[in-house]
Amino acid sequence: MKRVRFWGTRGSLPVALTAAELRARLVTAVKGARAAVLATEEAVESYVDGLGFPVAGTFGGHSSCVQIETNGSHYVLCDLGSGARPFGQAAIARHGPASPQTYHIFMSHLHWDHIMGLPFFTPAYIPGNRLCIYGGHSELEAALRRQMDPPSFPVSFSYMKADIEFIRLVPGSSHEINGMRVTTLRQRHGGDSYGYRFEQDGRTVVYSTDSEHTLADPADTKRFVEFFGDADLVIFDGMYSLADAISVKADWGHSSNIIGVELCQLAGARHLCLFHHEPAYDDATIARVLDDTRRLEEITRTGHALRVSAAYDGLEIDL
Amino acid sequence: MEIMNRVYGDMIVVAPTGRIDHATAADFERAVGPLLDAAAGSRGGLIFDLERVSYISSVGLRVLMIASKALRARGARIAVAAMQPVVAEILEICRFSAVVEVFDTVDAALAMSPEAAASRGPAMKAP
């Protein structure tokens with residue numbers, strides 16, 4: 001495995017910047033530029049980079065879709081949220097529509113924000129392409145077909161002319177897929193969700209989203225510490241604050257940045273990437289959560305440093 | 001984990017020692033559980049003296065959350081006091097300032113109850 005690319009990082013529902021939010025950022029940037037000398041292209045780039053991510057960037061809006069770039073020629077994807085649409089377009093732009101490709105797609109679960117990108121995933125409509133869709137739910141195929149039935153969508157699943165195969169994985173066991181060792185773990189979420197541990201050539205990536213940790217059960221903690229063990233990257237559901245996750249939003253099926261740090265520290269993981277951002281959070285809030293999480297990691301560190309990131313649409317992490 | 005309890009009027013002060021983490025949180029929860037009825041029954045409250053706590057993890061904060069829900073539902077109060085800087089920062093990052101009241105010292109926390117403040121002298125062992 002070489003790299004992870006994030007195509008959709010928002011939890012529950014896609015979001016977009018509003019015109020008012022964009023305008024406020026422009027005002028901030030222009031005000032700051034009054035005293036700056038921006039005579040060269042480099043000076044402008046440097047000024048923009050110095051504005052900070054909540055002004056000069058955005059964590060973005062698409063729902064869950066993450067690409068793992070492996071050493072093979074096949075594509076590997078986690079979830080089919082709305083981020084699957086730009087991913088599919090990029091794949092077609094790269095190869096051309098007439099060049100058949102294989103896509104291995106691992107589904108955490110079948111809630112709508114994780115499947116809504118499939119009807120807009122153009123490679124699925126192109127004959128010659130092959131989609132291998134993996135998951136732990138018995139309703140895997142039915143759920144993906146059903147969302148395209150009338151009156152929910154005007155194009156039937158039967159219009160998809162790629163070779164589409166559904167493969168049910170056994171939770172708790174490992175499978176050899178596309179040159180990777182893939183281990184599946186059942187997670188606490190409404191209707192269950194599944195986490196995936198991908199291992200190839202000494203590199204390990206864990207995708208663990210839509211997963212609540214009760215904290216009251218040491219055996220549950222142990223399962224996840226083992227699942228995250230020595231991972232190079234853990235993509236983790238950090239949707240809520242800890243206070244919310246264990247009070248007003250208990251049993252909502254999500255976790256917090258705090259638990260992400262603790263599990264990764266216990267597991268000896270090297271990089272925690274906060275994922276599945278709360279749709280009510282603006283960019284400044286997510287940036288503050290990231291700063292807080294980095295600080296928590298720093299003041300509670302007992303072993304090696306844990307790198308902490310917050311995923312955004314377009315982020316690439318080299319392994 | 002060593003946990004010392006004292007009663008001041010209608011308030012109970014709980015003073016754990018060391019790290020409250022995955023290894024010790026169960027002890028902490030077992031020690032706090034029986035105090036909730038007593039603290040709520042007096043309509044006073046529970047004060048966690050964290051002066052000798054060097055670290056608290058999410059499982060320890062869960063115990064504070066359980067105590068907060070139990071006490072506030074019955075009109076009693078819950079506070080933390082005398083936190084070491086690291087512990088104070090952990091609570092702030094975890095957004096727990098809305099879950100428990102925060103005081104610099106145990107005396108300041110006791111002052112929220114006139115009855116407790118008046119009995120700040122010799123303390124009685126808690127039930």
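Student: How many residues of chain A are in contact with chain B, and with how many residues of chain B?
Tutor: Happy to start there, and bear in mind that this is a predicted model. Contact here means C-beta atoms, placed from the backbone, within 7 Å. On that basis the contact joins 17 residues of chain A to 17 residues of chain B.

Student: Which helix of chain A gives the largest share of the side that touches chain B?
Tutor: Four helices each supply at least two residues to that side of chain A: helix 7 (218-228), helix 8 (242-245), helix 9 (257-267) and helix 10 (283-300). By class, that side has 10 nonpolar, four polar and three charged residues. The largest share is five residues, and it comes from helix 10 of chain A.

Student: What percentage of the residues of chain A count as buried?
Tutor: A residue needs 20 or more other C-beta atoms within 10 Å of its own to be buried. Applied to the 319 residues of chain A, that gives 46%.

Student: Are helix 1 and helix 2 of chain B roughly parallel or roughly antiparallel?
Tutor: Helix 1 (residues 25-41) and helix 2 (residues 58-73) of chain B have axes 10 Å apart and pack at an angle of about 10°. Angles under 35 degrees count as roughly parallel. Therefore helix 1 of chain B is, relative to helix 2 of chain B, roughly parallel.

Student: Is the crossing of those two helices of chain B left-handed or right-handed?
Tutor: Among the residues that meet are B:Phe28, B:Val32 and B:Leu36 in helix 1 and B:Val59, B:Val63 and B:Leu71 in helix 2. The residues of this contact divide into 11 nonpolar, one polar and one charged. The crossing of helix 1 and helix 2 of chain B is right-handed.

Student: Which residues of helix 9 of chain A make the contact with helix 7 of chain A?
Tutor: The axes of these two helices come within 8 Å and cross at roughly 65°, and the crossing is right-handed. Their contact has seven nonpolar, no polar and no charged residues. Helix 7 of chain A brings A:Phe224, A:Val225 and A:Phe228, while helix 9 of chain A brings A:Leu263, A:Cys264, A:Leu266 and A:Ala267.

Notes: Residues numbered from 1 in each chain as written. Chains lettered and ligands numbered in written order. Predicted model: local features only at pLDDT ≥ 70, side-chain atom pairs only at ≥ 80, totals over all residues. Contact = placed C-beta atoms within 7 Å. Nonpolar A, V, L, I, M, F, W, Y, C, P; charged D, E, K, R; others polar. Buried ≥ 20, exposed ≤ 12 C-beta atoms within 10 Å, placed from the backbone. Axes fitted to C-alpha atoms, helices over the stretch in contact; angles between N-to-C directions. Parallel < 35°, antiparallel > 145°, perpendicular 65-115°, else oblique. Left-handed = near helix turned anticlockwise from the far one by under 90°.
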